[in-house]
Amino acid sequence: MIVYPAIDLLDGACVRLYQGDYDAVTRFSDDPLKVAGAFAAQGAQAIHVVDLEGARSGAPTHAELVLSIASESGLPVQVGGGIRTLEQASAYLEGGVYRVLIGTAAISDPAWLADAVRQYGVDRVAVALDVRDGEVVTEGWLSRSGRTADAVTASLSTLRIETLLYTDTRRDGTLTSVDAEGSRRLVEAGFRVIAAGGVSSTADIRALRQAGAAGAVVGSALYRGRMTLPEALEAAC
């Protein structure tokens, strides 16, 4: 299982939100490139980047910084946040990012999502399944889609989507615990699951590994010293 240390970008800084609330921001570093370099030096296999402002505004706003993180860290980078056209996805994928994560557009425009999968392949285009109380949320988690997670995943299977970034938004940034059982259900439905939201201990990582998850995104737990990246990597083995 791959551990993805998280870098969430807002106003050019590395931050964390509490349950996706843009009014509950903790700023950890003004130098995301330095943070990425530190993760690489500690043995990271890949990095998870979110353009928070892009997710809220509907278009990438930190694209240049994201591409710099990919090139300077030397690690595979997956990125989400505001990617809602094929052109935006292509700019990332052809600019050095390994994988794009599509959230809002997976709900609003599945046709272009299917085009992206056909053009770039199932490993480089994944869907960000952001769930709050059983309902999928969009627009930087600010809008309710009116669709259940089960309904969305049923439709995704017809689009050849294989990888899901599953986030229980109620847990994100809370340092409580991850929804390992929800990840297990998605794995059993046939998806390759990268879990996020509430990963706060090595026990959470082991629970996800036992649930069959392919990856775990770790953010606040690293920044607040709940565990080190080497400890997280060891738990994933």
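The questions below take up a few labels and set each against its definition.

Analyst: This is a predicted model, in which local features need pLDDT of at least 70 and side-chain atom pairs count only at pLDDT 80 or more, while totals for chains, interfaces and linings use all residues. Residues are numbered from 1 along each chain as its sequence is written, and side-chain values use heavy atoms, with hydrogens and water left out.

User: Why is serine 73 called buried?

Analyst: Buried means under 20% relative accessible area, exposed over 50%, and partly exposed in between, with a 1.4 Å probe and protein chains only. Serine 73 has 13% relative accessibility, so it counts as buried.

User: Why is aspartate 11 called exposed?

Analyst: Its relative accessible area is 61%, so aspartate 11 is exposed. Aspartate 11 is found in the loop between β1 and β2 (13-18); strands (E, at least two residues) and helices (H or I, at least four) are DSSP runs, numbered from the N terminus.

User: What is set down about the phi of aspartate 11?

Analyst: Phi of aspartate 11 is near 55°, a positive value in a residue other than glycine. Arginine 160, in the loop between α7 and β10, also is not a glycine and has a positive phi of about 70°.

User: Which polar contacts does the side chain of serine 73 make?

Analyst: A polar contact is a pair of N or O atoms within 3.5 Å; within protein, one must be able to donate a hydrogen and the other to accept it, and residues adjacent in sequence count only if both atoms are side-chain atoms. The side chain of serine 73, a residue of helix α3, reaches the backbone oxygen of isoleucine 69 at 2.7 Å. A polar atom of that side chain lies 3.2 Å from the backbone nitrogen of leucine 75.

User: With which residues is serine 73 in contact, leaving aside neighbours within four places in sequence?

Analyst: They are Ala36, Ala40, Ile47 and Ser68, where contact means heavy atoms within 4.5 Å.

User: How do you know that the buried residues of α11 are on the same side?

Analyst: In helix α11 (residues 229-236), the buried residues are Leu229, Ala232, Leu233, Ala235 and Ala236. They cover an arc of only 160° around the axis, which puts them on the same side of α11. The arc is that of the directions from the helix axis to the C-beta atoms. Among the elements that cover these residues are β1 (2-10) and α1 (32-41).
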